[in-house]
Amino acid sequence: MEKLQSRRLIDTRDSDDMYFIRLGTIQRHPRVIPADVRDSLLKYFKHKMFFAFGWDVFVGCLGSTSKPELFVTNNQVEYFLSEVQRRGGVKIDGIDDASKVDPKMIRGLKHIVKTTDVVQFHEKTSKEGLKYDSSPRVLWTQEQRAKKKEIEAAKKAEKRESARERALEMERLVKQSIEDRKMVFIAVDIEVYELNHNCVTEIGVAILDLCKGNTKDAKPVGRHLRVKEYMHLKNGKFVDDASEKFEFGKSEILTLKECANEVKSIFEENGDRAIFVGHDGANDVRYLRQIGADLPGDLLMADTLTLWKVTHGEDGPSTLGRLLMEYDISSWNLHNAGNDAYYTVQVLMAMYGKNAGQE
């Protein structure tokens, strides 16, 4: 196959009407080529033939930005595109005006390489501290795109099936636990400051010991821990502030370290009888880890959001508030961590026909 060959090195002082174009803009030019002829021209833009063309590549910083970019001159681009048209037998559009850069706008402009192959190009650009994607996705053929889409769909399907299997196992665990009445459901909910999620402001815990009494009428024991260091931080801009409206007891004010130790001790006291309950609980586990309340690695988990999706599909209610409405559970002052933890236990039990303290 005959290679495209560029002309001599271009002196940037040759002409007043000279301008520059980002190298990446040229290699991604197939985006504007009609789909019915694009695949036949892609070979000229792919890294092997593209860099064998012999581009005179310049580096410089555009405007006030400090990040260096790669540029080529307009006469090289015009010649390259004319050769692609001639060999492909297809008329293609040139570079749009918005992509043209005045040399006066480029700071520290210097020539770094006349490309002969992609390996040489990467060696030269890496010395300048630059990374360049020489095989962008836009250069894939329709067949490659279809194959990639097929692979991605298969991976998503596999991931969904794996998640479904885990959720079904979770559901079996919950049902068996309710039936055997040997486990302890411990729901945890975390509230953070809406303007800085590193600040954990409240921790809610609700404990339902299935060994105690009839599971149909058993009531969770709710606790609301407020973090002393962050009591001055109030939500209300994006999330309702209900930090002073705990419905199931009296709030406790503790230091962050004391809160973390309190949560850890609750799980330690219940040992292998404990089942962590959350609504999209992975976030709560992450926040607990953030404050030093690491939970046992083999701790059993029950997530009301996951259980809802496995029984009702991906669509439908997803927030705790919407699930409370779905199961006709009265609720007040959501976004108080203590209330949310208590309601999460109620939702879990309602999913399997139990009242769990509903009035």
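This report describes helix packing, aromatic pairs and selected residues in one predicted structure.

The model is predicted, so local features are given only at pLDDT of at least 70 and side-chain atom pairs only at pLDDT 80 or more, whereas totals for chains, interfaces and linings use all residues. Residues are numbered from 1 along each chain as its sequence is written, and side-chain values use heavy atoms, without hydrogens or water.

Helices (H or I, at least four residues) and strands (E, at least two) are DSSP runs, numbered from the N terminus. Axes are lines fitted to C-alpha atoms, for helices over the stretch in contact, and angles run from 0 to 180 degrees between N-to-C directions.

Helix α9 (residues 304–312) and helix α11 (residues 337–351) have axes that come within 10 Å and cross at roughly 25°. Helix α9 is therefore roughly parallel to α11; angles under 35 degrees count as roughly parallel, over 145 as roughly antiparallel, 65 to 115 as roughly perpendicular and the rest as oblique. The crossing of α9 and α11 is left-handed, a term used if the near helix is turned anticlockwise from the far one by less than a right angle, with clockwise counting as right-handed. On the α9 side, the contact (heavy atoms within 4.5 Å) is made by Thr304, Leu307 and Trp308, and on the α11 side by Thr344, Val347, Leu348 and Met351. By class, five residues of the contact of α9 with α11 are nonpolar, two are polar and none is charged. In this classification Ala, Val, Leu, Ile, Met, Phe, Trp, Tyr, Cys and Pro count as nonpolar, Asp, Glu, Lys and Arg as charged, and the others, Gly among them, as polar.

Helix α9 also meets helix α6 (residues 142–180), the axes coming within 9 Å and crossing at roughly 105°. The two helices, α6 and α9, are therefore roughly perpendicular to each other. Arg164, Ala167, Leu168, Met170, Glu171 and Val174 of α6 make this contact with Thr306, Leu307, Val310 and Thr311 of α9. The contact of α6 with α9 comprises six nonpolar, two polar and two charged residues.

**Aromatic pairs**

Across the whole structure, a search finds 18 aromatic pairs. Rings of Phe, Tyr and Trp (its six-membered ring) pair if their centres lie within 6.5 Å; planes under 30 degrees apart count as stacked, over 60 as edge-to-face and the rest as tilted. Two of the pairs are tabulated here.

| Pair | Centre to centre | Angle between planes | Arrangement |
|---|---|---|---|
| Phe50 and Phe51 | 5.2 Å | 85° | edge-to-face |
| Phe248 and Tyr342 | 3.6 Å | 5° | stacked |

Phe248 lies in the loop between β7 (221–227) and β8 (252–254) and Tyr342 in helix α11, so this pair ties together parts that are 94 residues apart in sequence. Phe248 is partly exposed at 27% relative accessibility, while Tyr342 is buried at 5%. Here buried means under 20% relative accessible area, exposed over 50% and partly exposed in between (1.4 Å probe, protein chains only).

Phe50 belongs to helix α3 (residues 47–52). Its relative accessible area is 0%, so Phe50 is buried, and Phe51 is likewise buried at 0%. One aromatic cluster is formed by Phe45, Phe50, Phe51, Phe53, Trp55, Tyr79, Phe80, Phe121 and Tyr132. Apart from neighbours within four places in sequence, Phe50 is in contact with Leu23, Ile26, Gln27, Tyr44, Phe45, Trp55 and Phe80. The C-alpha atoms of Phe50 and Val118 are 8.4 Å apart, although 68 residues separate them along the chain.

**Individual residues**

Most residues other than glycine have a negative phi. Asp280, not a glycine, has a positive phi of about 55°; Asp280 lies in the loop between β9 (274–278) and α8 (282–290) and is partly exposed at 35% relative accessible area. His335 has a positive phi near 75°. The loop between α10 (320–326) and α11 holds His335, which is partly exposed at 34%.

Ile33, in the loop between α1 (23–27) and α2 (35–41), is buried with a relative accessible area of 2%. Not counting residues up to four places away in sequence, Ile33 touches Arg38, Leu41, Phe45 and Ile92. Ile33 and Val227 are 194 residues apart in sequence and 59 Å apart in space, C-alpha to C-alpha.
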